[in-house]
Amino acid sequence: ASVSLAPDPDVELPKGLMQPAPLGFLVMAVCAIVTAATFGFAMIGDSLKQEAENRYQHLALHDPLTGLPNRAFLMTALEDALTGARDGASPGLAVIGVDLDRFKPVNDVHGHAAGDALLCGIARAAEPLLEPGELFARTGGDEFIALKPGATEEEALDFARRLARATSAPVEFQGSALSVGASFGVALFPRDGQEAETLLSRMDL
């Protein structure tokens, strides 16, 4: 059986309760909601776009395995440091090449996953040893280059000693302690060259 509902004629409703809202007010409310939603979607879209751009820029300038700056990042930083050195804003500049020793045997004996773990371990060990302005980049399979703007020869050697501690630190991998050594080469501006490629070629490894 159907049930019908109807207002009780004996109950008096407040005056104006059942009157429809003005059409103009409803239109304005709908427009406000649509505008707010459009603005919100636009903000979300811009945020996602900015995140994607930042992610792409990070990938373009960093080594995907270790997270260290890559060669592109290094070359830009080197040119900036050379500009500062030539202008006298930051006199002196050290470019330090780091080439891991005994890295190939680690890959041959333990596998490439072990080599990757070792590279990541070196990157983690080096990070807390870097002082402000210093840069440590991975530029090849087992090759790294470090920069220290404004460095004297003694400061460059101190930097190299700190990097030596990072590269020789044992890295745990599946119950084994992996470790390698490293060869270092140092080139100083302006003693060994005044151009980026010259300094890179004159690092004595």
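**Figure 1. Leu 93 has Pro 149 in strand 3 as its bridge partner.** The view is taken from a predicted model, in which local features need pLDDT of at least 70 and side-chain atom pairs count only at pLDDT 80 or more, while totals for chains, interfaces and linings use all residues. Residues are numbered from 1 along each chain as its sequence is written, and side-chain values use heavy atoms, with hydrogens and water left out. Helices (H or I, at least four residues) and strands (E, at least two) are DSSP runs, numbered from the N terminus. Two strands pair if DSSP finds at least two bridges between them. Strand 1 and strand 3 run antiparallel and are joined by 7 bridges.

**Figure 2. Strand 1 (residues 93–101) is joined to strand 6 by 9 bridges, and the two run antiparallel.** Opposite Ile 96 stands Val 186 of strand 6. Leu 100 has Ala 182 as its bridge partner, also in strand 6. Buried means under 20% relative accessible area, exposed over 50%, and partly exposed in between (1.4 Å probe, protein chains only). In a regular strand, side chains alternate between the two faces of the sheet.

**Figure 3. An open sheet of 4 strands is arranged in the order 2-3-1-6 with antiparallel pairing.** Strand 2 (135–138) and strand 6 (181–189) are the edge strands, each pairing on one side only. On average, neighbouring strands of this sheet are turned by 20° against each other, direction ignored. Helix 2 (residues 71–87) packs on the sheet and touches strand 1, strand 2, strand 3 (143–149) and strand 6; the direction of helix 2 makes about 25° with that of strand 3. Helix 5 (residues 153–168) lies across strand 1, strand 2, strand 3 and strand 6, and runs at about 160° to strand 6. Contact means heavy atoms within 4.5 Å. Axes are lines fitted to C-alpha atoms, for helices over the stretch in contact, and angles run from 0 to 180 degrees between N-to-C directions.

**Figure 4. Helix 3 (residues 103–110) and helix 4 (residues 112–126) have axes that come within 6 Å and cross at roughly 140°.** Helix 3 is therefore oblique to helix 4. Angles under 35 degrees count as roughly parallel, over 145 as roughly antiparallel, 65 to 115 as roughly perpendicular and the rest as oblique. On the helix 3 side, Phe 103, Val 106, Asn 107 and His 110 take part, and they meet His 112, Ala 114, Gly 115, Leu 118 and Leu 119 in helix 4. The residues of this contact comprise 5 nonpolar, 4 polar and no charged. Here Ala, Val, Leu, Ile, Met, Phe, Trp, Tyr, Cys and Pro count as nonpolar, Asp, Glu, Lys and Arg as charged, and the others, Gly among them, as polar.

**Figure 5. Asn 107 is a residue of helix 3.** The relative accessibility of Asn 107 is 16%, so this residue counts as buried. Residues up to four places away in sequence not being counted, Asn 107 touches His 112 and Gly 115.

**Figure 6. Ala 60 is placed in helix 1 (residues 23–61).** With a relative accessible area of 38%, Ala 60 is partly exposed. Ala 60 is in contact with Asn 70 and Ala 72, its neighbours within four places in sequence being left aside. Ala 60 and Arg 71 are 11 residues apart in sequence, and their C-alpha atoms are 9.9 Å apart in space.

**Figure 7. Arg 102 has phi near 60°, a positive value in a residue other than glycine.** Arg 102 is in the loop between strand 1 and helix 3. Arg 102 counts as exposed, at 52% relative accessibility.

**Figure 8. Gln 174, although not a glycine, has a positive phi of about 50°.** The loop that holds Gln 174 lies between strand 4 (171–173) and strand 5 (176–178). Relative accessibility is 73% for Gln 174, which therefore counts as exposed.

**Figure 9. The peptide bond from Phe 189 to Pro 190 is cis, with omega near 0°.** Pro 190 lies in the loop between strand 6 and helix 6 (196–201). For orientation, the chain has 6 helices and 6 strands, in the pattern α-α-β-α-α-β-β-α-β-β-β-α along the sequence.
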